Structures are given as structure tokens and as C-alpha cells.
Amino acid sequence: MSRGGDGEGGENGKRGEGRENRRDGEAGIGDAGRLRSAVASPRGSAPGNGFLGDVWTNFKRWNLKAVRNPFVLVVSLLNPVIFLVLFTEVFGQVATGAIGGGGVDYVSFLMPAIVIQVALVAAATSGIGLVQDIEDGMFEKVLVSPMSRVGVFAGKTLSEVLRISVQATLILGLGTLLGARIATGLPGAIAIVGIAIVFSVWFTAFSNVVAIKTRNSEATIIAANVLQLPLLFVSSAFLPVEILPGWIRAISGVNPITYGVDAARALVLDGWAWETILPSLAVLLALDLAFASIAVYYLDRASSATVD
Amino acid sequence: MNAIDATGLELTYADGTEAVRGVDLTVPEGAFFGFLGPNGAGKTTTIKALATLLRPTGGRVAVNGFDAVANPRAVRRSIGYMAQETSVDPELTARENVKFACEAYGVPRAERRSRIDDLLDLVDLADAGGKPAKAFSGGMKKRLDVATALVHRPPIVFLDEPTTGLDPKARNRLWEYFREINARGTTVFLTTQYLAEADALCSEISVILNGEIVASGSPEELKRRVGGDVLEIELDPAASADADRAAEIARRSGLFDGNAAVVATESGLSVTSAEAKRFGTDLLVALRDAGVVVTGFNVRSPTLDDVFLAVTGEAEPETAEPEAEGDSRGRGR
């Protein structure tokens with residue numbers, strides 16, 4: 001479609017001259033000396049980091065982002081804290097009877113559920129972070145860099161694990177202040193944080209799948225929030241399933257919250273009750289594996305340059 | 001070795017859209033390459049395929065000698081890429097953004113501090129280094145984005161419409177920087193909506209239309225292919241029928257050879273011909289004799305706008321923007 005191929009070439013000298021003139025005409029806008037020092041000659045290939053370096057780089061960025069947004073950190077703790085304080089104060093007297101008395105106070109009963117709630121809220125924000133990264137262009141910026149994809153997501157996930165650990169610890173501290181006692185002591189408290197982390201994986205994966213499929217922060221926030229309260233209430237979180245209506249009892253049996261709460265609660269109320277803890281962990285791990293596989297599939301598609 | 005060697009590059013989306021249809025591109029090392037085309041022509045799709053962000057559905061792409069499909073990580077290590085949408089982390093400070101990029105590309109720890117200082121200084125953000133990027137204006141974010149794309153001193157840098165939406169001052173500053181890195185040996189692959197920008201910066205240009213390359217060459221070669229100078233004649237807007245009559249007169253005058261392009265324009269008439277300068281006056285006289293009222297005229301060298309019009313049939317990739325510096329049209333004279 002280009003017309004007239006004749007007359008090409010042969011005038012390279014003249015062309016070069018024209019470019020030089022142009023350059024002269026526009027020089028002097030900035031400080032050439034300063035430019036020269038900053039713009040060193042190209043160097044070939046960037047050295048890149050090892051896998052752990054990539055994980056560390058991304059872990060640091062997501063931690064920094066979290067710290068820069070203390071508001072989000074506080075607000076995401078607000079609901080669980082309100083639940084813990086108000087439920088204990090308002091329903092405490094009634095509920096202690098409902099959970100069967102026996103020296104068990106409601107705050108001890110409720111605290112492990114609130115730890116799971118914290119994990120749920122933190123996991124929900126994982127997808128929101130991903131969507132925002134996509135909207136900020138940072139997702140693409142990371143993909144065009146030589147960093148390992150797995151390292152990138154591992155770094156982000158580790159930063160979320162750190163956040164869940166800190167927030168779960170705060171809840172355990174607050175619960176203790178309100179009078180809760182952990183039957184298994186400090187090792188049990190650490191194990192409860194561990195259960196919260198294991199619990200968070202499936203919901204983290206879920207919220208990332210919503211994020212990558214919708215690429216819309218509102219949709220991701222709504223999907224996470226809409227699910228939270230029903231999931232919590234239709235589980236063993238606030239009252240023992242035995243005293244709940246039949247249909248709720250049925251649903252709570254397939255509700256992952258129930259498994260997280262039961263395992264954590266056993267450590268608070270009963271001690272190292274492996275017969276409760278191990279089956280619950282097994283269910284959660286299976287769930288984690290299933291959801292994580294789906295998430296890895298979609299994240300891989302979104303980041304592997306395949307046209308879709 | 002060429003910085004870019006693409007042969008038969010094809011990219012068809014899952015919905016069947018053939019965004020890129022058999023593109024051949026050769027960009028020699030050190031070139032300042034301009035990639036032009038109307039919106040939706042396939043510019044960004046091509047640049048993303050070259051930068052390993054999209055996997056081609058056909059053809060071969062080698063960047064810095066590395067195959068983009070077989071060895072994408074080697075390609076990524078050796079390129080800088082600045083996306084069309086400004087890409088900075090709004091929650092990090094300018095400094096932290098550049099630092100993250102340094103870490104992402106493995107810039108040695110010992111070099112990082114001076115590298116960050118130099119780059120921030122260069123894009124005039126040294127004083128704002130500690131401020132979060134979300135507090136920045138569009139131009140500042142763009143400049144920060146440039147800095148992060150160059151931390152590893154890549155031999156080639158892809159700039160996808162880097163100056164879109166910037167004010168002339170900010171644009172000038174980026175031009176200055178792009179010229180400098182190119183002068184230092186970095187190959188630049190630039191897409192732009194502003195033809196004046198391509199004219200001012202690029203040594204080589206390719207024009208893409210509907211996923212295919214329709215013209216390639218230096219700006220001067222492309223302008224020469226337009227076929228001569230451009231005589232623009234303004235006519236009395238009150239006499240709208242005059243434009244067609246004037247065009248008819250120009251065609252029949254015998255002043256210009258058969259290659260001349262005579263086009264009725266909004267304001268009157270344009271004649272593109274090798275003889276535009278020589279016989280322009282004669283045409284004006286002929287028009288006066290025929291009773292056509294000429295309110296203005298101008299003979300100029302062809303610009304990339306004329307090239308663009310000729311090869312794409314569109315006046316400009318996008319609506320006209322205020323020129324970054326003076327009027328590029330004046331420079332050709």
C-alpha cells in the first residue's frame with residue numbers, strides 16, 4: 001500500500017544532518033550534565049534475583065502497602081472487635097446458659113470464632129488488593145519484570161499471613177482481657193493462630209478468583225462481604241450447633257467456618273482434643289487444596305500471556 | 001543483531017478478533033523507532049506481544065536475540081516497558097516505587113541508592129521522593145513510571161504512548177530524556193498518537209492499520225512518498241460550491257502531473273504535487289480568472305499528518321492536540 005518505492009535511500013547523509021539540526025534546536029531545555037550522569041549506557045540483561053529474593057521483594061511491598069493504610073487495618077478489625085465485645089456483654093448472660101454452662105463462659109466460647117472471623121476478613125481483602133494492583137497497572141508491571149510468578153504471589157500471600165497472625169493475636173489478647181481462658185495456654189494460642197492461617201487459604205483463593213474473573217474492586221468487595229455474615233451465622237461460631245434449628249445445623253455441617261471454629265474452640269475449651277482438631281484440619285486442608293488449585297489455574301492464565 | 005526481529009507476527013483474540021495479522025518488524029539496535037496507527041489498529045497488542053505480555057498466536061518474535069515465546073524471562077530481563085496506562089503503586093512513595101523496580105530487576109544492592117537518586121533527579125522528582133505517588137499529578141506519575149522502567153538500564157525500552165495526556169512542558173522534558181537514552185545507545189520503541197512527536201523523535205517509523213504494516217521508513221522517506229509539497233488554498237466559506245469548482249479547475253489546469261492529489265478540504269482545497277511550489281501561483285491566477293474567491297493560501301512541505309492521511313485515510317490518530325513545541329510543520333521548510 002505504500003506508494004512510490006523510488007527515491008528511497010541514497011540520502012542518508014542528508015537525513016542525518018536534518019536530525020542533528022533538530023536536536024540542536026531543542027537542546028538546552030534541561031541540564032545536560034545532570035542527564036548524562038543519570039543515563040548511563042545500557043547494560044544488557046538485568047541480573048534478576050533468586051526465587052527467595054522475588055518472594056522477599058513482594059512480601060515487603062505488600063507489607064508497606066498495609067502499613068500505609070492503617071485505616072484499613074483498623075477498620076477490618078473493627079467488626080470482629082465489636083462482635084467480641086458486644087456479643088459478650090449483650091448476650092453473655094443468656095448465651096452462657098445456652099452453651100451448657102459447665103463453667104464455660106461465653107467470651108471463651110466466642111473468642112476462637114472471632115479469630116476465624118478475622119481470618120475471613122483478611123482473606124477477603126486479598127482479592128481486593130489484587131484488583132487494585134490490576135487497576136494501578138502494578139500487576140502488569142510485575143508480570144513484565146523477570147520476577148518468578150510463583151514468587152510474586154507467594155510474597156503477597158505471606159504478607160497476608162503475617163497480617164492474619166498479628167490480628168488474630170490481637171483478638172486473643174483482647175479476649176483474654178475480657179476474661180477468656182485458653183485451656184492449652186500459650187502453645188494453644190499459637191496453634192489457634194496456625195488454624196486461622198490454614199482456614200484463611202480457601203477464602204483467600206476464592207476472593208482472588210473473584211478478583212481475576214471480575215477485575216472489578218466493587219464486585220470483589222461485595223462478593224466477600226455478602227458471604228461473610230451468613231457464613232458466620234450459619235455455623236457453630238456464635239452458638240453450639242446442637243441448639244440451632246435443624247436447617248442451620250444441616251448447612252453448618254458443610255460450612256468451612258464450622259471446621260475452623262471447632263478446631264480453634266477445642267483448644268480454648270477442651271485442651272489438645274485431637275479427635276476434634278485433626279478431622280477439622282483435614283477438611284480445611286482439602287478445601288484449601290481445591291480452592292487454591294482453582295486460583296492457581298486462573299492466576300496462571302491471567303499471568304501467562306495467553307490470549308483469552 | 002537487531003533489537004527486534006518479528007516475522008509474521010499474528011495475534012488473534014479468543015473472540016476471533018484478529019488484532020495483529022502477519023506483522024514483520026525489524027528494529028536495528030540503537031534506533032528510535034516509532035510505531036504509529038489509528039486507535040484499534042493493533043499498536044498496543046503488538047507492543048505487548050513484543051514485551052511477552054501476550055503470547056502470539058502465530059509468527060516469531062525475537063527481542064535482543066531472545067525468542068519471546070521460548071524464553072520470555074530472558075526477554076523480560078533485557079527490556080524496559082512503560083504501559084499506556086500509568087503504572088505506579090499509589091501507596092508507595094516515589095522513592096519506594098523506584099526501589100521496588102530496582103529489586104524486581106535485581107539491580108545490585110550497592111548500586112541501588114545512587115541509581116534511585118539519579119533517576120529521581122532526572123525526572124525532577126528528587127524533592128518529592130518521599131511523597132506517596134497518589135499525591136502526584138498525572139504528569140508526575142508518568143515521570144515516575146519512566147524512572148521505574150529504566151532502573152536496569154535495558155538495551156531496549158518500549159514506550160506505549162508515554163506522553164498522552166501530558167502538558168507540553170512535561171512532554172518536552174520526557175522527549176529530552178528519551179533522546180538522551182537513545183543517544184546513549186538504548187533502542188527506543190515508541191507508540192504515539194502525536195505525529196509531531198514521532199517526527200521530532202523517531203529515526204524509523206512503521207504505520208500499522210487493521211493489524212498490518214502499511215508503511216515503513218524514515219520520516220523523511222515517508223514524507224517524500226507523499227509526492228511533493230502541499231498547496232493549501234482557503235476559499236470564501238460563503239460560496240461552498242466553490243471548492244468543487246476549484247478542484248475541477250486545478251485538475252484541468254494542466255499545471256500538475258497525473259500524480260498530483262487534488263482534494264477538497266473543509267476550508268477549501270489542497271493540492272499535493274511535486275510542482276506545487278512552481279505552479280501554485282498559476283493556479284491562484286486561474287482561480288481568480290474563473291471568479292473563485294481565494295481568502296488565503298500556503299505552500300508547505302509534507303508532514304507526517306499527510307503521510308498518515310495517505311496511508312490510513314484518517315486525518316490523525318486522535319483528535320488534534322496542542323503541539324508540544326512550536327509547530328512541527330514549520331521545521332521542514
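Biologist: Where in chain B does B:Asp124 lie?

Modeller: B:Asp124 lies in a loop of chain B, between helix H4 (109-122) and helix H5 (138-149). Keep in mind as we go that this is a predicted model.

Biologist: Got it. What's up with the phi of B:Asp124?

Modeller: Its phi is near 60 degrees, which is a positive value in a residue that isn't glycine.

Biologist: What is the phi of B:Arg153 near?

Modeller: Near 50 degrees, again a positive value in a residue other than glycine. You'll find B:Arg153 in the loop that links H5 to strand E7 (156-160) of chain B.

Biologist: Buried or exposed, that arginine?

Modeller: B:Arg153 is buried, with a relative accessible area of 19%. Buried means under 20%, so 19% puts B:Arg153 in that class.

Biologist: Let's move on to B:Ala101. Which helix is B:Ala101 in?

Modeller: B:Ala101 is part of helix H3 of chain B, which covers residues 94-104. With a relative accessible area of 4%, B:Ala101 counts as buried.

Biologist: What does B:Ala101 touch, leaving aside its neighbours within four places in sequence?

Modeller: B:Thr148 and B:Val151 are the contacts of B:Ala101 once those neighbours are set aside.

Biologist: And how far apart in space are B:Ala101 and B:His152?

Modeller: They're 8.5 Å apart, C-alpha to C-alpha, while 51 residues separate them in sequence.

Biologist: What is B:Gly59 in contact with, beyond its neighbours within four places in sequence?

Modeller: B:Thr7, B:Gly8 and B:Leu9. There's also a distance to look at with B:Val23: the C-alpha atoms of B:Gly59 and B:Val23 are separated by 8.4 Å, and the two residues are 36 apart along the chain.

Biologist: Zooming out, how many helices and strands are there in chain B?

Modeller: Chain B has twelve helices and 14 strands. The chain has 333 residues, and 58% of them count as buried.

Biologist: How much accessible surface does chain B have?

Modeller: About 13,000 Å², with 47% of that belonging to carbon and sulfur atoms. As for contacts in chain B between residues at least 6 apart in sequence, 70% of them join residues at least 24 apart.

Biologist: How many helices and strands are there in chain A?

Modeller: Twelve helices and zero strands. Chain A has 308 residues, and buried ones make up 47% of them.

Biologist: Show me some helix packing. At roughly what angle do H4 and H7 of chain A cross?

Modeller: The axes of helix H4 (residues 70-98) and helix H7 (residues 149-177) of chain A cross at roughly 30 degrees and come within 11 Å. Angles under 35 degrees count as roughly parallel, so H4(A) is roughly parallel to H7(A). H4(A) passes H7(A) in a right-handed crossing.

Biologist: Which residues make the contact?

Modeller: H4(A) brings residues including A:Leu73, A:Leu77 and A:Val81, and from H7(A) there are, among them, A:Arg163, A:Leu170 and A:Leu174. By class, the contact of H4(A) with H7(A) has nine nonpolar residues, three polar and one charged.

Biologist: And H8 with H11 in chain A, at roughly what angle do they cross?

Modeller: Roughly 175 degrees, and the axes of helix H8 (residues 185-214) and helix H11 (residues 256-269) of chain A come within 9 Å. Angles over 145 degrees count as roughly antiparallel, which is why H8(A) is roughly antiparallel to H11(A).

Biologist: Which residues are in that contact?

Modeller: From H8(A), they include A:Ile192, A:Phe199 and A:Trp202, and from H11(A), A:Pro256, A:Ala263 and A:Leu267 are among them. The contact of H8(A) with H11(A) has eleven nonpolar residues, two polar and no charged ones.

Technical notes: Residues numbered from 1 in each chain as written. Chains lettered and ligands numbered in written order. Predicted model: local features only at pLDDT ≥ 70, side-chain atom pairs only at ≥ 80, totals over all residues. Heavy atoms only, no water. Axes fitted to C-alpha atoms, helices over the stretch in contact; angles between N-to-C directions. Helix = DSSP H or I, 4+ residues; strand = E, 2+ residues; numbered from the N terminus. Parallel < 35°, antiparallel > 145°, perpendicular 65-115°, else oblique. Left-handed = near helix turned anticlockwise from the far one by under 90°. Contact = heavy atoms within 4.5 Å. Nonpolar A, V, L, I, M, F, W, Y, C, P; charged D, E, K, R; others polar. Buried < 20%, exposed > 50% of the residue type's maximum accessible area, 1.4 Å probe, protein only. Areas by Shrake-Rupley, 256 points an atom, 1.4 Å probe, with all protein chains shown as cover.
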